[in-house]
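Let's take a walk through a protein model together. Have the sequence and the 3D view open, and look up each residue as we come to it.

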Amino acid sequence: MILADYYNPIVKNKAIELTHNRESLVDKISAIFYYVRDDIKFAFPKEGDLVQASQTIEYGYGQCNTKATLFLALCKSVEIPAKIHFSLIDRDIQKGLFLGLAYWLMPKEISHSWIEIEMNGKWVKIDAFINDAAFYKGGKKELKKKNWEVGYSIACSKNDSSIELDFNSEKFVQMDAVTEDHGIYDEPIDYFNSSKYKNRPSAFKLFIYKLLIGGINKKVEKLRSSH
């Protein structure tokens, strides 16, 4: 199964709709960025990471890996050079959303991704699309209240985080929590099928995840409406 199904009419038509009246590469990437950031709300699909880009459009929500898969597919649909970069990230990134059993069942480091796009011969890292603006503002408010540097899908441990798109100065929302580089891929399923992938749950953990994910997504929605 191809996850970044850029050839799918749902993905192709959306990519054309977003970019058809945009002249420059910067404008095209910006249109895709803001669509993935804000029109695709942050939330956790019941399938975890194994969601096709076309499904994410239909769902209207996703998390880091499924939103990155969509970003990749939209770029590929309109021939923008893009790749997906995988890593491990400290599970504390989900602190405040995943509590109790849900938190402790996660590996200490979880598989995570962002997008890289080639511009003027340079590959630019982008992860600021992961959290939609309203959810991000709600999360930042909670971090400040609890005096945390990491949590609520935000990492501010080394620098202040940002959901802004700036091609001259890369700005990040989760990069400070990344612990190990796993490299660049053209198709997400190649990474998910590799031994590097850490989010592959046992049948028991998948059962618990599906049981709890509705409540976790309600916390996300509550944060979104609190900003």
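A salt bridge is counted when a side-chain nitrogen of Lys or Arg lies within 4 Å of a carboxyl oxygen of Asp or Glu. Side chains of opposite charge can pair when their charged atoms come close. Keep in mind that this is a predicted model.

## Salt bridges

How many salt bridges does the structure hold? There are nine. One of them joins the side chains of E170 and K125, with 3.5 Å from N to O. This pair links distant parts of the chain: E170 sits in the loop between strand 7 and strand 8 (178–185), while K125 belongs to strand 5, and the two are 45 residues apart. E170 counts as partly exposed because its relative accessibility is 29%, and K125 counts as partly exposed at 29% as well.

Another salt bridge brings R224 and D132 together, and their closest N and O atoms are 2.8 Å apart. R224 is in helix 8 and D132 is in the loop between strand 5 and helix 6, so this pair ties together parts that are 92 residues apart in sequence. Are these two residues buried or exposed? R224 is buried, with a relative accessible area of 10%, and D132 is buried too, with a relative accessible area of 1%.

Next come K140 and D160, whose side chains meet in a salt bridge at 2.6 Å, N to O. Here, too, distant parts of the chain are linked: K140 is in helix 6, D160 is in the loop between strand 7 and strand 8, and they are 20 residues apart. K140 counts as partly exposed at 24% relative accessibility, whereas D160, at 61%, counts as exposed. Finally, salt bridges that share partners join D132, E221 and R224 into one network.

Here are the three pairs side by side.

| R224 and D132 | 2.8 Å | 92 residues |

## Helix 8, inside and out

R224 has already taken us to helix 8, which covers residues 203–224. Where is the kink in helix 8 centred? The kink, of about 40°, is centred on L212.

An α-helix has 3.6 residues a turn, so residues three or four places apart point the same way. With that idea in mind, find the buried residues of helix 8: I208, Y209, I213, I216, N217, V220, L223 and R224. These buried residues pack against strand 1 (41–42), helix 5 and helix 6 (133–146).

Helix 8 also has a part in the surface. L101, F207, L211 and L212 form a nonpolar patch there, with about 400 Å² of accessible area together. Helix 8 gives the most to this patch, with three residues. L101 has its place in helix 5 (residues 100–104).

## Two residues with positive phi

N120 has a phi near 55°, a positive value in a residue other than glycine. N120 lies in the loop between strand 4 (109–119) and strand 5 (122–126). Y152 also has a positive phi near 55°, again in a residue other than glycine, and its place is in the loop between strand 6 (150–151) and strand 7 (154–155).

Which of these residues is buried, and which is exposed? N120 counts as exposed because its relative accessibility is 83%. Y152 counts as buried because its relative accessibility is 6%.

Helix 2 (residues 25–39) has 15 residues and reaches 21 Å from its first C-alpha to its last, close to the 21 Å expected. Its buried residues are I29, S30, A31, I32, F33, Y35, V36, R37 and D38.

Y59 lies in helix 3 (residues 53–59) and counts as partly exposed at 27% relative accessibility. What does Y59 touch, leaving aside residues up to four places away in sequence? Its contacts are P45, K46, E47 and V51. Y59 and I40 are 19 residues apart along the chain, and their C-alpha atoms are separated by 8.2 Å.

Methods: Residues numbered from 1 in each chain as written. Predicted model: local features only at pLDDT ≥ 70, side-chain atom pairs only at ≥ 80, totals over all residues. Heavy atoms only, no water. Patch = residues over 30% accessible without salt bridge, like charges linked within 9 Å, V, L, I, M, F, W, Y side chains within 5 Å. Areas by Shrake-Rupley, 256 points an atom, 1.4 Å probe, with all protein chains shown as cover. Helix = DSSP H or I, 4+ residues; strand = E, 2+ residues; numbered from the N terminus. Bend = angle between axes of the 7 residues up to and from the residue. Buried < 20%, exposed > 50% of the residue type's maximum accessible area, 1.4 Å probe, protein only. Contact = heavy atoms within 4.5 Å. Expected span 1.5 Å × (residues − 1).
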